[in-house]
Amino acid sequence: MSNRTRKVFFIALCLSFFILGIPVVLYSFGYRLDLKTKILTESGGIFVRSEPADAKIFVDGIEKKNESGLLNAGTFISGVLPGIHKVKVTRDGYLSFALDTEIRPLKAESFDKLLLFPTAYESVAKGDIATFFAEKNRVIIKDSTGKLRSGNRTLIGDEVLMLTADESRALTINKGISSDTYYLVPLTGTGATVNINKTFSNLKSSKLNLPGEVPIRAISLHPYDPEKIFISTKAAFYAIDLKQNSISLIEDGVDRIMRTGSGFAITRGESLFFYNLTLRSESASIGVPTDSKIFPAPTGKKVAIERGAMLEVYDADREKSLRFDISSVGNISEAFWHKDGHYLFMRGQNGLFMLQTDNEIMKPELIIKETAKAAYGDGGLLYLFGKEIRRSVL
């Protein structure tokens with residue numbers, strides 16, 4: 001081979017490297033050619049992890065390979081050009097998830113813990129059902145005459161508020177004109193119903209030398225001890241132990257006591273804080289309007305607060321709030337959390353919605369158009385459809 005031939009060959013190799021190698025390097029660094037603008041652009045990505053894991057994933061109508069498996073917790077789609085893209089996740093037997101998302105250069109948008117709502121359901125109860133209460137594995141029905149029924153038992157009270165930790169008794173309320181009366185009603189066995197108002201007054205008088213009946217402002221059962229009740233009046237916050245027949249004064253009175261997995265979310269005036277039962281300590285407080293609707297997560301220090309057409313989800317451990325547009329829901333009638341603490345179910349005037357609360361780009365998904373009542377228990381999501389209680393396993 002002559003020197004001239006070698007030089008030509010060498011120059012050709014160099015040109016090939018620059019022509020082919022540089023695009024490969026740029027591609028590996030996330031650059032893509034935008035066919036609309038004919039400009040080389042830094043791309044972004046989309047991460048999807050769904051439940052069920054074997055769902056189909058589409059970006060702008062094009063199906064992407066689902067890489068979920070033993071070695072991958074989800075699917076990462078690279079090389080997505082900046083701009084608005086349509087993400088859709090579907091699976092037979094489930095409602096589809098669809099959302100427009102904006103991708104920015106060298107940024108990845110995450111759709112993690114994406115829960116698809118099943119279209120299948122099972123019937124739990126039919127008949128004379130005006131509304132119902134559900135917690136864990138128990139369902140208590142209120143019929144058209146206003147009676148509460150658990151199996152063959154008729155319970156005292158107008159409404160069920162919560163169950164004891166062992167699910168053996170229900171806290172009910174009988175609403176009066178001037179004051180409310182609370183009861184602890186047995187759901188199993190032959191135990192007696194406890195009038196909490198009378199028990200509270202008697203213990204306060206005999207143990208603390210504080211005679212006289214005082215209206216109960218807020219009440220809650222202990223999250224894991226079935227014998228303990230927490231009561232607040234305007235002046236003080238008390239703990240009652242039914243087994244020990246004792247009462248103790250904890251601190252000043254509060255306005256609301258909302259049970260969580262390890263303690264309480266409590267409001268006093270326009271402040272909300274979490275109370276640790278073990279340490280008897282309070283977290284830093286956040287401001288809330290006195291009439292705001294508050295929904296604490298059962299998993300711990302996380303709470304959703306309705307603020308008009310916006311929903312604030314505050315995480316006390318991270319000291320961070322996320323805000324979501326919930327104008328599509330309408331005024332929230334009731335809300336409750338999925339067991340994992342990531343999803344909030346909201347029933348408003350426009351139906352029952354499900355919201356993933358870890359990313360502000362998420363929007364409420366309409367899952368049931370018409371229902372007069374819904375609740376979440378260990379068995380899944382329950383909702384009233386006509387005169388039937390249905391359950392969707394989640």
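Strand 21 and strand 22 form a hairpin with four residues between them, and asparagine 245 in the turn has a positive phi of about 50°. Helices (H or I, at least four residues) and strands (E, at least two) are DSSP runs, numbered from the N terminus. The structure is a predicted model, in which local features need pLDDT of at least 70 and side-chain atom pairs count only at pLDDT 80 or more, while totals for chains, interfaces and linings use all residues. Residues are numbered from 1 along each chain as its sequence is written, and side-chain values use heavy atoms, with hydrogens and water left out.

Tyrosine 238 has leucine 249 of strand 22 as its bridge partner.

Four strands make up an open sheet in the order 10-38-37-36, with antiparallel pairing. Its edges are strand 10 (122–126) and strand 36 (374–377), each of which pairs on one side only. On average, neighbouring strands here are turned by 25° against each other, direction ignored (axes are lines fitted to C-alpha atoms, for helices over the stretch in contact, and angles run from 0 to 180 degrees between N-to-C directions). Within this order, strand 37 (residues 380–385) is joined to the antiparallel strand 38 (residues 388–392) by five bridges, and leucine 382 has arginine 391 in strand 38 as its bridge partner.

Next, the pockets. On a 1 Å grid over the protein atoms alone, a pocket is an open set of points where a 1.4 Å probe fits, with protein on both sides within 12 Å along at least five of seven lines; lining residues have an atom within 4 Å of a point. The largest pocket holds about 1800 Å³ of space, the volume being that filled by probe spheres set on the points, which are joined across faces, edges and corners. Its lining has 48 residues, and closest to the centre are Phe133, Glu135, Leu161, Met162 and Ala335. Strand 36 is among the strands that each supply at least two lining residues, as are strand 11 (131–135) and strand 32 (332–337).

The second largest pocket has about 240 Å³ of space. Strand 17 (181–186) and helix 2 (196–208) are the elements giving two or more residues to its lining, and helix 2 gives the most, with four. Residues lining this pocket include Tyr182, Lys198 and Glu213.

Conventions:
Pairing = 2+ DSSP bridges.
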